[in-house]
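Student: I'd like to learn how to read a protein model. Could you walk me through this one?

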Amino acid sequence: MSSITVRYFASLREALGEQETLPWQEGQTLGQLRDTLLARGEPHASALARTRAVRCALNQQLAKESAAIPAGAEVAFFPPVTGG
């Protein structure tokens with residue numbers, strides 16, 4: 001089993017800290033990672049709740065929750081961004 005780095009931005013960083021390193025089984029998806037984090041309880045359960053809009057990036061590229069996470073990957077979670 002390898003590990004991944006999970007980074008948080010904006011309001012998620014305020015709730016969960018800047019980053020954490022987690023053991024990870026290659027081939028699991030971003031959605032499975034989010035579910036794993038939700039199962040940890042508070043504060044993850046509130047910050048990453050399925051009722052909240054949260055975007056994901058995999059190795060600094062926007063990705064869908066169906067994307068598989070390779071070994072050693074960097075995953076980022078952040079709220080949607082608006083601007084112009």
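Tutor: Let's go through the sheet, the core, some salt bridges and one histidine.

Student: What should I know before I start?

Tutor: This is a predicted model, where local features need pLDDT of at least 70 and side-chain atom pairs count only at pLDDT 80 or more, while totals for chains, interfaces and linings use all residues. Residues are numbered from 1 along each chain as its sequence is written, and side-chain values use heavy atoms, with hydrogens and water left out.

Student: What is the strand order in the open sheet?

Tutor: Start with the general idea: strands of a sheet pair through backbone hydrogen bonds, either parallel or antiparallel. Helices (H or I, at least four residues) and strands (E, at least two) are DSSP runs, numbered from the N terminus, and two strands pair if DSSP finds at least two bridges between them. Here, five strands form an open sheet in the order E2-E1-E5-E3-E4, with mixed pairing. E2 and E4 are the edge strands, each pairing on one side only. From one strand to the next, the twist averages 30°. E1 and E5 run parallel and are joined by four bridges; valine 6 has valine 75 in E5 as its bridge partner.

Student: Which strands does H2 touch as it packs on the sheet?

Tutor: Contact means heavy atoms within 4.5 Å. H2 touches E1, E2, E3, E4 and E5, and its direction makes about 110° with that of E2. For that angle, axes are lines fitted to C-alpha atoms, for helices over the stretch in contact, and angles run from 0 to 180 degrees between N-to-C directions.

Student: How many residues are in the largest nonpolar core?

Tutor: In soluble globular proteins, nonpolar side chains tend to be buried together. A nonpolar core is a set of buried Ala, Val, Leu, Ile, Met, Phe, Trp, Tyr and Cys residues joined through side-chain atoms within 4.5 Å. Buried means under 20% relative accessible area, exposed over 50%, and partly exposed in between (1.4 Å probe, protein chains only). The largest core in this model has 20 residues, and those with the most contacts inside it are Ile4, Leu33, Leu48, Ile69 and Phe77. Among the elements that give it two or more residues are strand E1 (2-8), helix H2 (30-38) and strand E5 (74-78). H2 gives the largest share, four residues. Beyond four places away in sequence, isoleucine 69 touches residues including Ile4, Trp24, Leu33, Leu58 and Val75.

Student: How many salt bridges are there?

Tutor: A salt bridge is a side-chain nitrogen of Lys or Arg within 4 Å of a carboxyl oxygen of Asp or Glu. The count by this rule is six. One of them joins glutamate 65 and arginine 34, at 2.8 Å from N to O. Glutamate 65 lies in the loop between strand E4 (61-63) and E5, and arginine 34 in helix H2, 31 residues apart.

Student: Why does arginine 34 count as buried?

Tutor: Arginine 34 is buried because its relative accessible area is 4%. Glutamate 65, at 24%, counts as partly exposed. Salt bridges with shared partners join Arg34, Asp35, Arg50 and Glu65 into one network.

Student: Is histidine 44 buried or exposed?

Tutor: Histidine 44 has 10% relative accessibility, so this residue counts as buried. Histidine 44 sits in helix H3. Leaving aside neighbours within four places in sequence, histidine 44 is in contact with Tyr8, Leu16, Glu20, Leu37, Leu38 and Ala49.
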